[in-house]
Number of protein chains: 2
Amino acid sequence: MKVVILAAGLAKRMRAKKPKPLINLFGMPIIEHSIRKLKGHDIVIVYHNKEIKKFIKKRFPEIKLIYNDKPEKENGWSLYLAKNYIDDDFLLLMADHYYEEDFFKCDGEFDKTTILVSKHCEDADEATKVKVNGKKVIDIGKNLSSYDYFDTGFFYCKREIFDYIERMKERKKISLSDVISLLAKDGKVGYKLISGKWIDIDTKKDLKKAEKIVADSILKSEDGIIARSINRKISIQITKAIVKYDFFTPNIMTVVSFFLGILSAIFFFMNLVVPAGIMSQICSIVDGCDGEIARIKNMKTKFGSVFDALTDRIADFLIVLGILFAYGFTKLSIISFFLAISASIFPSYVYHLTGIRTSFSGRDVRLFSIMVGGILAYFSKEFLIYTMIFIGLLAYIGTAFIVYKFWKAE
Amino acid sequence: MKVVILAAGLAKRMRAKKPKPLINLFGMPIIEHSIRKLKGHDIVIVYHNKEIKKFIKKRFPEIKLIYNDKPEKENGWSLYLAKNYIDDDFLLLMADHYYEEDFFKCDGEFDKTTILVSKHCEDADEATKVKVNGKKVIDIGKNLSSYDYFDTGFFYCKREIFDYIERMKERKKISLSDVISLLAKDGKVGYKLISGKWIDIDTKKDLKKAEKIVADSILKSEDGIIARSINRKISIQITKAIVKYDFFTPNIMTVVSFFLGILSAIFFFMNLVVPAGIMSQICSIVDGCDGEIARIKNMKTKFGSVFDALTDRIADFLIVLGILFAYGFTKLSIISFFLAISASIFPSYVYHLTGIRTSFSGRDVRLFSIMVGGILAYFSKEFLIYTMIFIGLLAYIGTAFIVYKFWKAE
């Protein structure tokens, strides 16, 4: 469906060099976060600042741009300028707000103009409040004496909203709140409570909070203990640094992580156990980036996750084979190898069978153990055996744990 | 919902010792096939023959039994006897018919009495025909001059059907067709075309056809080439022989197959390569039985399929480890082992990731190759290496093939 993004506001509080929508939020302009989440929609942006035009033309040439020469007439007027490009219901949002994914999931389901509201707001004084009665919004504004929710600046609009702006056309300022307020008086505005986070980025402090929200949203709830406590902290910084480059697609990062894994295996084959171990942990950290980039840039694909899973398994197999070659072939080392190699796939295999994971038998813990084992092997080769046995047992315990849980659930 | 099974018919054509519903069809009485597919429903059986009563009481004590002392009054009368046990819509079917799963999927979805009809019939002369107009049945009977479908003897009934039988109560014979015909005259009968197979088992020839239908229905469409051309032919005979014993649950058969796999591994460890190879193929054949029993007895569980997948992987890992020990440790044997062991899980892993299988890289081909390799290893140990490399390459080619297909599809 069509989407109107209002980007013609005059920044009042944040004295940055750039217009607000272009301010860097986690490696990407604020506005780009929303644009990427709107993949598949037909976007119209109303702007005033020429830098915004330049940015959009270069990065998203398919987006329709509309110039607002009277930004002081406020955002209701900005919206009105998009009138001729809208022929049906549409989404409306603010270019300088960050919205989590939840917001973008509710298109095409409302029978009247609907405000996506939230119970939370980072700056309640500055926020627009919403008063409701039953299923309808009865009032909206910054200074309501009593209110139920906060207006998030994200709307599902019926085309009739333009008729209401038309009536106010001669006013000096036409704020969107005033327009919605008028619609609400006719009982034409509903609301939908969204639990996802959002933030209107007005100050440097807001920007910091927004960075935290973005970082949280690209974490995986199913991360293992090492991923959560070590790997993610680093991988997120890498992602933040490279997310602006188109070259670093999720699949490219999968390949990079794969090669780091191969490098670790080669070091083991060459008996360089310390660099091999460290490289295995680096591989594990970088392995987080593909998913993070995919989530932040809305580039998730099924092929990507299969490709990631497969390359992870192959790299892990080769690393364990490298450990065996570094140690040499004895009955014990072969059996340890056997344990470790099945460990390299069982937790993931069982996860795909049952949908259940543990936090202690995943790849993060495995590759971390290999780093520790590799370093200790500098002092005694036997640690290579211990490492293989350790990750093997961990995986089998994890698998037994999952199977038991699955059996109980059924 | 409630289900009425009519089992009081007098066998006219098949001169068997047993009443028709108890005749052995693929190791189970005909009636048991339907009873098992009706798991979760509340079944009422109208019978005449005491052997039926005895069988049901013993095997399915929770089923309500109703005695019909006038079987010569035909099946409309049989149904009438169930009247007091029915308080709402119900399913109605014949105890001496075999129906594929499709039939049992359509409960609770019709607004009038509905005949499940078919375009196919094994014995068109004897069959009851159905004439329709739009969404309604307009006539039903054995001797219609023109007709659209065959009556399968499987109905979704509204309770009003009993009122219609009531009106015919004094007749000498009340056939179900006559009852339905009367309902149809009032426009109260719909129909639903079912594509699944069904058969009214009247003669020895019908029984043979029915056996074929059952056998086909428990095959898996995704079987590999060895499974299809060799293993299934044997496993189906095993299943047929043991399906009547409650002891042989699908999970028990999984355990049996697992132990055969372990036995194969032990033989390899003991350097008994020929019995080891043969045992691996036997394990592969028996591995078919768990799924077959689960399908035929409607005992599929998610845990069962996870349990099967996991034990298969562990058995295969150990068999390949056994092959390595039988050969001894050299760089080449370790690398071949590495190939073979990843081969033992990759095709299944990738299947669970993508939903795609190949017919040449599955377990059936792998264990068959191990049998061939084991036998040839009697002449030269080198064949153990060749076998490991062969199954390794097969799996990697299969995996590459699947990933390519998946990538193309996306």
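How far apart should the ends of helix 10 (residues 302–327) of chain B be, at 1.5 Å a residue? Keep that in mind while you set up the view.

This is a predicted model, where local features need pLDDT of at least 70, side-chain atom pairs count only at pLDDT 80 or more, and totals for chains, interfaces and linings use all residues. Residues are numbered from 1 along each chain as its sequence is written, chains are lettered from A and ligands numbered from 1 in the order in which they are written, and side-chain values use heavy atoms, with hydrogens and water left out.

**Stop 1: helix 10 of chain B**

Select residues 302–327 of chain B. The 26 residues of this helix should span 38 Å, and its end C-alpha atoms are 38 Å apart, which agrees. The expected span is 1.5 Å times one less than the number of residues. Helices here are DSSP runs of H or I with at least four residues, strands are runs of E with at least two, and both are numbered from the N terminus.

Now look at the surroundings. Of the 26 residues in helix 10 of chain B, 20 are buried, so the helix is largely enclosed by the rest of the structure. Buried means under 20% relative accessible area, exposed means over 50%, and partly exposed lies in between (1.4 Å probe, protein chains only). Step just past the helix to Gly328(B), which takes a positive phi of about 110°.

**Stop 2: chain A as a whole**

Of its 410 residues, 57% are buried. Among contacts in chain A with a separation of 6 or more, 74% join residues 24 or more positions apart. Contact means heavy atoms within 4.5 Å.

**Stop 3: the two copies**

**Stop 4: the interface**

Select the residues where the chains meet. Chain A gives 36 residues and chain B gives 36 residues. Through which surface do the copies meet? They use the same one, because 100% of the interface residues of chain A are also interface residues in chain B.

The area buried between the chains is about 3,300 Å², and carbon and sulfur atoms give 90% of it. In chain A, pick Phe303(A), Phe338(A) and Tyr349(A): these lose the most area to chain B, together 20% of what that side buries. Buried area is the accessible area (1.4 Å probe) that two parts lose on being put together, summed over both.

**Stop 5: the core**

Select Phe268, Phe337 and Ile345 in both chains. Of the 90 residues in the largest nonpolar core, these touch the most other members. Such a core is a set of buried Ala, Val, Leu, Ile, Met, Phe, Trp, Tyr and Cys residues joined through side-chain atoms within 4.5 Å.

Zoom in on Ile345(A). Leaving aside neighbours within four places in sequence, its contacts include Phe317(A), Phe317(B) and Ile345(B).

**Stop 6**

Move to helix 13 of chain A. Its 14 residues should span 20 Å, and its end C-alpha atoms are 20 Å apart, which agrees. It is mostly covered, with 10 of its 14 residues buried. Among them are Arg363(A), Leu367(A) and Gly374(A).

Ser380(A) sits in the loop between helix 13 (363–376) and helix 14 (382–409) of chain A. With a relative accessible area of 26%, Ser380(A) is partly exposed.

**Stop 7**

Most residues other than glycine have a negative phi. Select Phe26(B), in the loop between strand 2 (24–25) and strand 3 of chain B. It has a positive phi of about 55° although it is not a glycine. Phe26(B) is buried, at 2% relative accessibility.

Finish at Glu74(B), in the loop between strand 5 (64–67) and helix 3 (75–81) of chain B. Its phi is also positive, near 75°. Glu74(B) is partly exposed, with a relative accessible area of 28%.
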